[in-house]
Amino acid sequence: MTQQRIRKAVFPVAGLGTRFLPATKASPKEMLPVVDKPLIQYAVEEAIEAGVEQLIFVTSGSKRAIEDHFDRNFELEMKLAERQKYDVLEQLHGILPSHIQCVYTRQYEALGLGHAVLCAKELVGNEPFAVLLADDLIQTNGKNCLEQMVDTYHTSSQGVLAVQTVRPSETDQYGIVAIDEHRVIEQIVEKPDPDHAPSNWAVVGRYILPPEIFGFLAHTKTGAGGEIQLTDAISDMLPKHALTAYPFKGQRFDCGSKLGYLQANLEYALEHPEYGDYCLRYLKQRIK
């Protein structure tokens, strides 16, 4: 049987972004810029580079800015053309390639990540799919994180979760997995106490999942934080559908936290082709 390609990616973007208030009072946290692009655009570009053709955004009523960002703005484009700002116009046209389809669905209640993924069930259909959390910005050299995971998916013929090691004291902030010598996941636990964590391998915001996950999500009860946890549904699925843990090559920035977001801006500014050298000189001056 021919293995299905990963054509669809789900972006759960319905969260309130309370940790970034007041900046996120009127604008989604996924629209926070890292240097000159919003977080959600980095995640979308990663998915497209990995071969995804349909982008499924699970939104809430306050997230219209995301839809607007990936739509055409003909008035703005006309003004740029009139002013002969063709380089900026080209950047706008390049935000979303013409062959990519964007689809939006609502998560009417804030019931957690698992529920957000479940909201995409009808749009995903009966095929494997990716889930990307824009909060986790992953910087790589060469293939991006999802591209690496797609390669692993084609090699292992099973779902893939991106993982990294964390300090043992931080396990209560993540879904934690226990893995065997072939990196097959044996156990997954949501935010375990450090004394009871099965390892210090933490799941980060990149998943490739089989469509069977929806059946488990539909029967998952509320877990940590009173929410429907994707981790709990994955745990229920493991006995029937094996998953691989993939330690991605790259640096992850937790842009759901202010410190991680500031670190990302600094690192991406230093790598910026136009402003990198200036930023480096400024920092050297600043720390004298």
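Salt bridges first: this predicted model holds 12 of them, each being a side-chain nitrogen of Lys or Arg within 4 Å of a carboxyl oxygen of Asp or Glu. Side chains of opposite charge can pair when their charged atoms come close.

Take Arg7 and Glu127, whose side chains meet at 2.9 Å, N to O. Arg7 sits in the segment before strand E1 (8-12) and Glu127 in the loop between helix H6 (121-124) and strand E6 (129-132), so this pair ties together parts that are 120 residues apart in sequence. Helices (H or I, at least four residues) and strands (E, at least two) are DSSP runs here, numbered from the N terminus.

How do the two ends sit, buried or exposed? Glu127 counts as buried at 10% relative accessibility, while Arg7 is partly exposed at 30%. The cut-offs are under 20% relative accessible area for buried, over 50% for exposed, and partly exposed in between (1.4 Å probe, protein chains only).

| Pair | Closest N to O |
|---|---|
| Lys143 and Asp151 | 2.6 Å |
| Glu170 and Arg167 | 3.0 Å |

Lys143 is partly exposed at 45%, and Asp151 is partly exposed too, at 35%. Arg167, on the other hand, is exposed at 58%.

There's a network as well: bridges with shared partners join Arg5, Arg7, Lys8, Glu53 and Glu127.

A word on the numbers: residues count from 1 along each chain as its sequence is written, and side-chain values use heavy atoms, with hydrogens and water left out. As the model is predicted, local features need pLDDT of at least 70 and side-chain atom pairs count only at pLDDT 80 or more, while totals for chains, interfaces and linings use all residues.
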